[in-house]
Structures are given as C-alpha cells and as structure tokens.
Amino acid sequence: MKKLIYILSISLLSVIWISCEDDYNNWEVEEGHDRLFKSLLFEVSGIESTAVELKFTQSVSATKYVFEFSEDSLEFLDIVRIVEMGADTLTPFSSSSTITKNEFRETIIDLDGTTGYSVRMKSVDETSGKESNWCELYFETPAEQIFTGYTPTSTSIALSWTVSDRVTNLSLFDINNELVSNFELTDDQKAAGNILIEGLSMGTNYIAQMFNADKVRGTLNVVTSGIADGYLYQVLDTDNAEAITAALQDLVAGGNTNINVEFAAGQSYDIGGKIIIPTGVNNIAFVGSEDVSGVKTSLQNAYFTVESAVNNINLQYLSTTSDGNFLIDIDSSDKSAFDIRINGCNVSEINSIVRLRSGGSANSIVVNNCMISETGGWGMLNVGSGSVIGSIDVTNCTLTEISTRFADIRVSTDITFSNITLCNINRSMSHFWRFDNNNPANVTIEDCIFSGPNGGVELNDTYGTYSNITIYYTGSYKTNDLLIKDRPLTGITELPLSMEGLFVDPVNGDFHIQEDAGFAGTGVAGDKRWFN
C-alpha cells in the first residue's frame, strides 16, 4: 500500500513539473517586442570617395537585410537610398560556430564624394514579417577624383575623366576661385569622357571642377602651356636650329625678354642641331602639343644651350630626339640657368636629358610627366664637379632602355625620384647612382617600380660605396627578372613576378598593371599615367 502511494505521488509531481514547464515556455510576448534580434556588430570597414564597405553580423532567422541612407547626422529625415540584400546571397567574411558571430562585409557603391551619410540597417524575416530594431552609424566620404588627366596647348585645355552618367556640368575657375566658364555637358561629351576648352590665356593656372548637380565629383589644377604675358613666336614649317636661334636674337634686339616658341600640334620639324638661347632672354618656353589623334609635336635632332645666362628654360609637350647629344647642355663654367623644367615630353636618343658641365649652375632641374628612353653613357642626368645645382626632381615618368645609370652627380644637392616606372630590356645599367662621397647628395626615392632583365647585367645600387650617403627605396618594388649584384637596393620589395607577369605588355610599352597580378602597389607605385 505504501509503495502504491509512493508511485502515485511521483506521478503527480511529474504531471505538475511538465505542466510548469509548458506554462514557462508559452508566456505571451509583450506587443512590440516580438521581433528579430538585431546584428551584434554594425560598423564601417572601409571608405572610398564613392563607396563604403559595411561589416555586420548575422541575425538569426533573417532572410534579408535592409539598409537606408540619408545625408544627415543620424536623423534619417530624408532617405536618399535603400539597398536590400538577401541573406542567401551573402558569403561570410569570417565564420563562427555561433551563428550570431558570422561576419559579412558588403560594399555599397555609387555614393557621392565629400558627403556625410547616415546609414541604418535592419534584419527582416519575410516569412513571419518580423523585423529587428535598427542599427545606425555615420560616416563621411572623401573627395572624389573623376578626372584622369588633361592635355594643354597655349590657349586650350583638353580634359578627360572616367566615363559616367552621373555628371552634369564642368566649371572652370581662376586661381582666385572666380568662375571663368561653366559648361553643361552634352550627351556626346558624357559618353566620350572628355571636353576641349578653348580661348584661354597662355601660361595660366586654372581649376577645373566636375559636378553631378550640386555634388563635386572631381577637382583638377590645370595650366596652359607657355609663359604668361610672353611674346609668342610661332615656328615656321621650314625653321631649323639656325633659323630659330636667329629669330630669338631678333626678338631680344626688339626688347622681348620673355618668349614662347610654339611648334604646331602634332607636326614634325627637322631641327638639325643646337638651338642657342641668346643673352637677354629672361624666361623662355619651347612648346608643343598633341593633335586630335594624340600625336605630339616632334623635333628631330634638337638640343638646347644658353649663350650666357637665362632665368627659366621650359620644354613642354614635345617629342624630341637629340642624335645622342645632351638635350639641355649648360656647357661651360660661365653659363647658367635658374630653373630647368621639362614637362609632358617624350625624350629619346640622347646622352643626358640635362648636363651641367663643371662650373655651370642652376637652381633646380624638374622633370615631370615624361617618357624617356635610349639614353647614353653619361647618365640620364649629369652634373660635373664644381657645378652648383640646388635640387633635382624627377616625378611621374616612364624610363625605358636607360644606359649606364640614372645620374652622375658630383656635387651636394637634393635629389627626388618619385612615381617612376623603369623597364630595361635590352640596354643595361651597371648601377643607378654615381656620387662624390665628399660632396654627398641627399636622395629621396618613393613609390617606384624597377623591372626588366637589364640586358642580362646584374645591377648595383651605386657605383661605389658611399659612407656619407644613405639611399632607401621607400614604397618601391622590383620585378624578379632584375638581378642585383653586390650593392642592394635597400628597402626595395621584390615581387614574385617578372615584367611580363606584372605589366600588360612591357615589350610594346604598355605598363598598366595586370588586373590579376596581385600587386600591392597598384594605384600607388610607378608612373601615374598607368593608373587608369
């Protein structure tokens, strides 16, 4: 009897326990709280001028995620963009054994640059209709640069940009930000991604801005070629070195000191020798330009020197050969130039691009946006002992088939090489630099790419060991077909690629980076003309 009572008691307790458990699991959910849990993580993992990468964690039972964008500070008064992502379309960036810790990273594109955005995200179960609360954050996009470049003449600017349907007009300002002209873009201009602006002043700085309605999509500082307020001498088809020298002498005799020597766009001239800049010239520019087919003005067998002294020498947008001579030669100790500037030129068949013979002087040598090839044994740049040179700056240039060395500099100066793409296939350099250890140069090298088999010759950094000179190749790379001998390129990153593995077509002069190269320096290192 006691046993029966005990069994009944246990059975009754079991019924009571089960009843309690059922009641516990079936509490009614308070209205307004029957929803999905929101993501544990919602952050920005990357920002570009027109895109944002968002990282967020998985929400249990969510079948899609909804993102709403507004251009305010977490107020969401005017939603300008809604993006929905199906949960079944997402691939985890990182997975976890805990479902709510699975992390996704997704990029939203076609944003505006220089804009503050608020974005909020909610999780949705489309079957039950349940949603989570919002996750919210704020971010700002940096300035966009849609422009890809420009080509000037003395009175015009041809601007190019990445083709987009989100452009409306282009404005040109002077250096004081006063509007010069506004251009409503035609459908043809939008499709081509370029515009020609004419009727501008020679040697003048402007600021171009691209707009999509009131949104700035790019800003570019541009300058027309030549010297502002200088006399314009338009070269005749038959002019050679002797005729141009004589014309300059006549202009000086007539009281002109600032002179622009303009060659016709895309035309070829047989210069046939040395153009001498006469005493009395203050500033001079030798100016070419591209024709509608993109062909630069060509000067055959042309090189330049000064009779005594000149302030600034400018070579702009010319394609030149020099029959193995020095392109610009300050050829004795009693001659000088203040600034020597070579911009936008294709230079080949030279000994050196600039030579300062012993005792000659200049304040600066600036070489920018040039293609330089087939140099001689004196080095691409040559400065003799006893000369004076304040600084040498070579930027945004592509160098091919360079012989012997970059530079032979026997005096103290500041040297900067930045954003250089070098490819030597057949010709060889035994070293990059030759200096005088007793007159040390200060060398800065940044964001360069050095490549090619170098004519089968192993390369040294320097001609000798210089205890007073330190060279470091910051942010720079070399391909594995460029072999190093005894003196290494300190700080260089060697790529597991040859020139053919890195560039699209180096043999034929296309140094764009291959899309699948996996190159960490893409868009940073090398000549910027190959970025686009």
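User: Which residues is Leu459 in contact with, leaving aside its neighbours within four places in sequence?

Analyst: In this predicted model, Leu459 is in contact with Met429, Ser430, His431, Phe432, Asn454, Leu482, Leu483, Ile484, Lys485 and Arg487. Contact here takes heavy atoms within 4.5 Å. As for its place, Leu459 belongs to the loop between strand E34 (449-451) and strand E35 (460-462).

User: How far is Leu459 from Phe432, in sequence and in space?

Analyst: They are 27 residues apart in sequence, and their C-alpha atoms lie 7.8 Å apart in space.

User: Why does Leu459 count as buried?

Analyst: Buried means under 20% relative accessible area. Leu459 has 0% relative accessibility, so it counts as buried.

User: What makes Ser348 buried?

Analyst: The cut-off is again under 20%, and Ser348 has a relative accessible area of 15%, so it is buried. Ser348 sits in strand E24 (residues 346-348). Not counting residues up to four places away in sequence, Ser348 touches Thr320, Thr321, Ser322, Ser373 and Glu374.

User: Is Asn177 buried or exposed, and how do you know?

Analyst: Exposed means over 50% relative accessible area. Asn177 has 55% relative accessibility, so it counts as exposed.

User: And Asn396: what is its phi, and where does the residue lie?

Analyst: Phi of Asn396 is positive too, near 50 degrees, and this residue is likewise other than glycine. Asn396 is part of strand E29 (residues 388-400).

User: Why is Asn396 called buried?

Analyst: With the limit at under 20%, the 19% relative accessibility of Asn396 falls on the buried side, so the residue counts as buried.

User: Now the aromatic rings. How many aromatic pairs are there?

Analyst: Taking ring centres within 6.5 Å as the rule for a pair, the count comes to 23 aromatic pairs. One of them joins Phe263 and Tyr269, at 5.1 Å centre to centre and 75 degrees between the planes.

User: What makes the pair of Phe263 and Tyr269 edge-to-face?

Analyst: Planes over 60 degrees apart count as edge-to-face. The planes of Phe263 and Tyr269 are 75 degrees apart, so the pair is edge-to-face. Both of these residues are buried.

User: How do you know that Tyr477 and Phe519 form an aromatic pair?

Analyst: Their ring centres are 4.7 Å apart, and the rule asks for centres within 6.5 Å, so they pair. With 75 degrees between the planes, this pair is edge-to-face. It links distant parts of the chain, 42 residues apart: Tyr477 is in strand E37 (residues 477-478), and Phe519 is in the segment after strand E40 (510-513). Tyr477 and Phe519 are both buried.

User: Which residues form one aromatic cluster?

Analyst: That cluster consists of Phe406, Phe417, Phe432, Trp433, Phe435, Phe450, Tyr466 and Tyr473.

User: What makes you say that the charged end of Arg434 sits over the ring of Tyr463?

Analyst: The distance test requires CZ of Arg within 6 Å of the ring centre, with a further limit of 35 degrees from the ring normal. The charged end of Arg434 is 3.8 Å from the centre of the Tyr463 ring, and it sits over that ring. Arg120 lies over the face of Trp134 as well, at 4.4 Å from the ring centre.

User: Where is the largest pocket, and what is its volume?

Analyst: Its volume is about 1600 Å³. Of the 47 residues that line it, Thr148, Gly149, Tyr150, Thr151 and Ser160 lie nearest its centre. E8 gives the most to this lining, with six residues.

User: How does the lining of the largest pocket divide by residue type?

Analyst: It has 15 nonpolar, 23 polar and nine charged residues.

User: And what lines the second largest pocket?

Analyst: This pocket holds about 310 Å³ of space and has 19 lining residues, with Val223, Gly226, Asn314, Gln316 and Arg341 nearest its centre. Strand E20 (309-316), strand E23 (336-343) and strand E26 (361-368) each give two or more residues, and the largest share, four residues, comes from E20. The lining divides into seven nonpolar, eleven polar and one charged.

Key:
Residues numbered from 1 in each chain as written. Predicted model: local features only at pLDDT ≥ 70, side-chain atom pairs only at ≥ 80, totals over all residues. Heavy atoms only, no water. Phe/Tyr/Trp six-rings, centres within 6.5 Å; stacked < 30°, edge-to-face > 60°. Buried < 20%, exposed > 50% of the residue type's maximum accessible area, 1.4 Å probe, protein only. 1 Å grid on protein atoms, 1.4 Å probe; cavity = no way out; pocket = protein on both sides within 12 Å on 5 of 7 lines; lining within 4 Å. Points joined across faces, edges and corners; volume = space filled by probe spheres on them. Nonpolar A, V, L, I, M, F, W, Y, C, P; charged D, E, K, R; others polar.
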